[in-house]
Amino acid sequence: MTLDHYADDAEAARNASPTAHLLEELALYAHRPYDDEADPRPLPEPAKLQGALADMFNKARLILISLALITITTFAAAFVTSFELLVVSRVVAGVAAGGMIPIAFAFVGDLVPVAQRQVAMGRILFAIMTGNLLGALAAGAVADLFGWRAVFVVMSGLGLIIFAI
């Protein structure tokens, strides 16, 4: 009897189930931090996570859910009572907004023929950049006239209008 027999059995068991292989990898290579030590492993990137969700679920519905989340957290940012709550509301809105871009590109990939896809994606990028430029300009004007909280109220109002359309 040779050791190759045992190696073949282990290889067969690993190839039999992806879940078993994942569990084996986690058992061998997982980092186990102490209670007072931070876990150094990176979290999944929100855009990749939302891209995977978009592949599993309806892309249009996921865009609407992201828009609703952005609108709600932006409106909540207008009424926060501490800096920590403001940061939390903006981080949640940023994760939802950052995930909308890959979903929008995937949506274009599903709807637009290959010959016209480059133009459609260019238009989306143009809209994103224009929104960044004009949004910063408008936010500065609104903040100067009505205060920083008004920026969040106006932006959540625009989100409601877009959501209604």
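Guide: Helices here are DSSP runs (H or I, at least four residues) and strands are runs of E (at least two), numbered from the N terminus. This is a predicted model, in which local features need pLDDT of at least 70 and side-chain atom pairs count only at pLDDT 80 or more, while totals for chains, interfaces and linings use all residues. Residues are numbered from 1 along each chain as its sequence is written, and side-chain values use heavy atoms, with hydrogens and water left out.

The chain has seven helices and zero strands. A pocket is an open set of points on a 1 Å grid over the protein atoms alone, where a 1.4 Å probe fits, with protein on both sides within 12 Å along at least five of seven lines, and its lining residues have an atom within 4 Å of a point. The largest pocket holds about 1300 Å³ of space, a volume being the space filled by probe spheres set on the points, which are joined across faces, edges and corners. Of its 35 lining residues, Ile 70, Ala 97, Gly 131, Met 155 and Ile 162 are the closest to the centre.

At least two lining residues come from each of helix H4 (59–77), helix H5 (83–111), helix H6 (114–146) and H7, and H6 gives the largest share, eleven residues. By type, the lining has 26 nonpolar residues, eight polar and one charged, where Ala, Val, Leu, Ile, Met, Phe, Trp, Tyr, Cys and Pro count as nonpolar, Asp, Glu, Lys and Arg as charged, and the others, Gly among them, as polar.
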